[in-house]
Every structure is written in structure tokens, then in C-alpha cells.
Amino acid sequence: MPSAFLLRAHPDALQRSKSALLACQGWELAGSAQRGRDALERLPLLQPDLLLADERLLDGPLLRLLVRLEEEQLQIPVLMWTRQTEGPLLFDNLLHGVRDFLPEPGGPQALAPLLDAALQGRHRLNPSIAREVLRRLGAPRLPLDQAAQPAMARDAQGAGWRRLLSVAQQALLSLLAHGYLPREIAQAWRLEVEEVERRVGQLLRQLPRLAPLG
């Protein structure tokens with residue numbers, strides 16, 4: 001059974017998240033903490049499938065913990081609670097293991113689909129973050145009528161922006177930056193929604209390699 005580790009600064013939020021997680025069918029609680037240093041001690045032993053964490057912990061920003069986990073070569077996909085919807089800090093967290101952003105409050109009905117999707121490598125990306133990814137890579141946003149063409153989805157191997165992105169990835173980011181939802185991209189590209197979310201997840205996993213080159 002897959003497991004998740006909860007890392008929340010406030011005890012009330014931590015208790016709510018525990019209750020929500022335990023109500024998610026097919027998931028179990030690997031452990032919990034309020035401080036990054038406590039999580040750093042326990043995560044290598046527990047090896048959870050996912051880490052669900054606040055953007056800021058009792059002993060500092062989550063980003064500090066993510067960098068330490070990278071140094072110890074412990075790769076755990078992270079879902080982060082945040083009230084922000086844009087900004088460079090969110091992009092920096094994406095570079096260090098954050099794969100999706102959790103809504104607050106997050107009851108089991110909202111949480112379970114995100115957990116299941118994350119376990120399968122499927123993720124979303126809001127417009128502001130997609131625009132920030134393009135900006136950091138120095139890649140132009142493709143016009144909407146061009147990016148939405150079904151043929152763009154098939155060019156997975158094509159040499160896209162400075163060979164950092166495939167044409168399909170540049171088009172995907174462009175559609176997300178224009179505000180398209182995964183289901184709308186799936187309809188335009190004649191794909192399943194799950195395939196669009198999988199492509200977003202694949203792109204997010206590539207970001208640490210791509211961003212320094214952009």
C-alpha cells in the first residue's frame with residue numbers, strides 16, 4: 001500500500017491532514033513532523049511514496065529541506081500546500097522536487113485524486129507557473145492556434161526551443177500558459193486527460209536538468 005509522510009507547521013493543520021489522508025482509500029500514513037530537520041532524520045528510514053509538506057515549516061522554508069534531500073540523493077515526489085498561485089519561489093520549489101500544489105483545506109475528496117495521480121506521475125501546472133517555466137527557459141510562448149493543433153502533440157522527438165524542449169513540450173507549456181486545462185488540451189490534441197497530465201509530470205521531472213541551461 002502506498003504511503004505519504006505529512007510535514008505541516010501548525011498542529012491543527014497536521015491533524016486535519018492526518019484525518020484526510022487516513023480517509024483516502026488505499027493510502028497509509030508513513031509518519032509526520034512539524035520541522036524539516038525531524039523529517040530529514042526519518043524520511044531515509046521510512047521511504048514514503050510521497051511527501052506532503054507546507055511551504056514554510058517551523059524551522060524554515062521547505063526549500064531548505066528539499067535541497068538537503070537532494071544532497072542525500074533521496075528522491076521523494078513532493079506535494080506542497082501553498083496559498084500562493086504564482087511567483088519565482090514556486091518555480092524554485094519545482095526545481096527541487098515539488099510536483100504539485102495542494103489546495104487548502106484538503107479533505108479526502110480533494111486529496112485522494114491528487115495522491116493517486118502523483119503516484120502515477122500525473123500532474124497539473126497552473127498558468128502562472130507555466131509562464132514562469134517558459135520565462136526561465138527563455139522559450140517563447142507559441143500562439144494559441146498553433147499550439148492547439150493536434151499535430152503538435154505528436155512531435156515528441158522534434159527539436160524544440162534550443163533543443164531544451166521538444167516541440168510538443170513547448171506547445172504544452174504554451175497551452176497551459178494560455179490558461180488551458182488538461183481536459184481542454186486533451187480535447188484539442190485528441191488525447192486522454194491522463195496522458196496530458198503524464199506529460200506535465202514528465203516535464204516537471206526534467207526541469208532540474210533543463211532550467212540551468214535555459
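1. In this predicted model, helix α3 (residues 62-71) holds both E71 and R68, three residues apart, or about one turn of the helix. The two form a salt bridge, with their closest N and O atoms 3.7 Å apart. That pair sits inside the 4 Å cut-off for a salt bridge. E71 is exposed, at 57% relative accessible area, while R68 is partly exposed at 37%.

2. Have a look at helix α6 (residues 127-137) too: R136 and E132 lie there four residues apart, again about one turn. Their side chains meet in a salt bridge at 2.8 Å, N to O. Here E132 is buried, with 12% relative accessibility, and R136 is partly exposed at 26%.

3. Helix α11 (residues 193-210) carries R198 and E195, three residues apart and separated by about one helical turn. An α-helix has 3.6 residues a turn, so residues three or four places apart point the same way. The side chains of R198 and E195 meet in a salt bridge of 2.6 Å, N to O. Both count as partly exposed, R198 at 33% and E195 at 21%. Elsewhere, salt bridges with shared partners join D92, E132, R135 and R136 into one network.

4. The salt bridge count comes to 11.

5. Finally, a word on helix α5 (residues 108-119). Its 12 residues reach 16 Å from first C-alpha to last, close to the 16 Å expected. Buried residues in α5 are L111, A112, L114, L115, A117 and A118, and what covers them includes α1 (11-22), β3 (50-54), β6 (78-81) and β7 (98-102). After α5 comes G121, with a positive phi near 75°.

Note on methods
Residues are numbered from 1 along each chain as its sequence is written. This is a predicted model: local features need pLDDT of at least 70, side-chain atom pairs count only at pLDDT 80 or more; totals for chains, interfaces and linings use all residues. Side-chain values use heavy atoms; hydrogens and water are left out. Helices (H or I, at least four residues) and strands (E, at least two) are DSSP runs, numbered from the N terminus. The expected span of a helix is 1.5 Å times one less than its number of residues. Buried means under 20% relative accessible area, exposed over 50%, partly exposed in between (1.4 Å probe, protein chains only). Contact means heavy atoms within 4.5 Å.
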